[in-house]
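Good morning, and thank you for coming. I ask you to look first at the sequence and the structure, and then to follow me through a few local features.

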Amino acid sequence: MSKTYHLTAPLSEADVVQLKAGDIVYLTGVVYTARDAAHKKLVDLLDEGKELPFDMKGAVIYFVGPTPPKPGDPIGSAGPTTSYRMDSYSPRLINEQGLRGMIGKGKRNQEVIDACVKSKAIYFGATGGAGALLARQIKSAEVIAYPELGPEAIRRLEVVDFPLTVINDTYGADLYKIGRAQYEVFE
């Protein structure tokens with residue numbers, strides 16, 4: 001039976017260890033955006049021993065490349081990007097930098113799931129195709145790094161009651177596998 005939680009980012013270990021795959025979370029607080037091009041730049045900085053553009057300890061990264069905002073809006077449509085594109089970078093950010101949460105759509109590889117277990121991180125799913133609705137929960141958006149990447153620049157978002165589903169929890173559970181198993185027929 002799934003539960004519903006209201007959490008504030010940045011997230012603590014105590015916040016995420018209570019969550020189970022299938023739980024619903026309404027997230028409020030600061031969330032950062034980054035897609036694959038920004039992730040590569042972040043890992044390159046780590047390789048060079050340089051400081052990252054934001055403190056990743058407890059942070060949540062939303063895999064999104066928003067559209068330009070309409071006048072008066074903080075952001076345009078902001079739907080999730082397919083997450084596997086960040087799989088080669090996420091374990092390092094989780095294990096070495098303390099990244100606590102990721103938001104996207106689609107499955108993650110076993111290395112990411114293992115990092116979530118080892119370092120107590122969560123992968124949340126946001127509803128694909130609902131970018132305009134999700135944008136309503138984003139109250140401010142500011143580019144803080146890599147403006148040359150356009151929509152893929154790193155942004156600092158302030159969100160209120162951003163609706164999420166726990167896909168991969170700190171215990172290794174995977175909602176996609178759980179859901180599928182309920183309908184598979186074994187011979």
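The UniProt record, an unreviewed entry, places the feature "domain: Fe-S hydro-lyase tartrate dehydratase beta-type catalytic" at residues 6–177. UniProt positions are given in the numbering used here, feature names are shortened, and annotations may be inferred rather than shown by experiment. What we see is a predicted model, in which local features need pLDDT of at least 70 and side-chain atom pairs count only at pLDDT 80 or more, while totals for chains, interfaces and linings use all residues. Residues are numbered from 1 along each chain as its sequence is written, and side-chain values use heavy atoms, with hydrogens and water left out.

Over residues 6–177 the chain is 25% helix and 28% strand, where helices (H or I, at least four residues) and strands (E, at least two) are DSSP runs numbered from the N terminus. The end C-alpha atoms of this stretch are 25 Å apart.

Lys177 belongs to helix 6, which covers residues 175–181. Is Lys177 buried or exposed? Lys177 counts as exposed because its relative accessibility is 54%; buried means under 20% relative accessible area, exposed over 50%, and partly exposed in between, with a 1.4 Å probe and protein chains only. From Lys177 to Tyr84 there are 93 residues in sequence and 16 Å in space, C-alpha to C-alpha.

I turn now to the backbone. Ala9 and Pro10 are joined by a cis peptide bond, with omega about 5°. Pro10 sits in the loop between strand 1 (4–9) and helix 1 (13–17).

Which residues have a positive phi although they are not glycine? One is Tyr146, with a phi of about 60°, in the loop between strand 6 (138–145) and strand 7 (154–168). Tyr146 counts as buried because its relative accessibility is 15%. Another is Asp161, with a phi of about 50°. Asp161 is found in strand 7 and is partly exposed, with a relative accessible area of 33%.

Finally, the largest pocket. A pocket here is an open set of points on a 1 Å grid over the protein atoms alone, where a 1.4 Å probe fits, with protein on both sides within 12 Å along at least five of seven lines; lining residues have an atom within 4 Å of a point. Among the residues lining the largest pocket are Thr67, Lys70, Asp73, Ala132 and Arg136.
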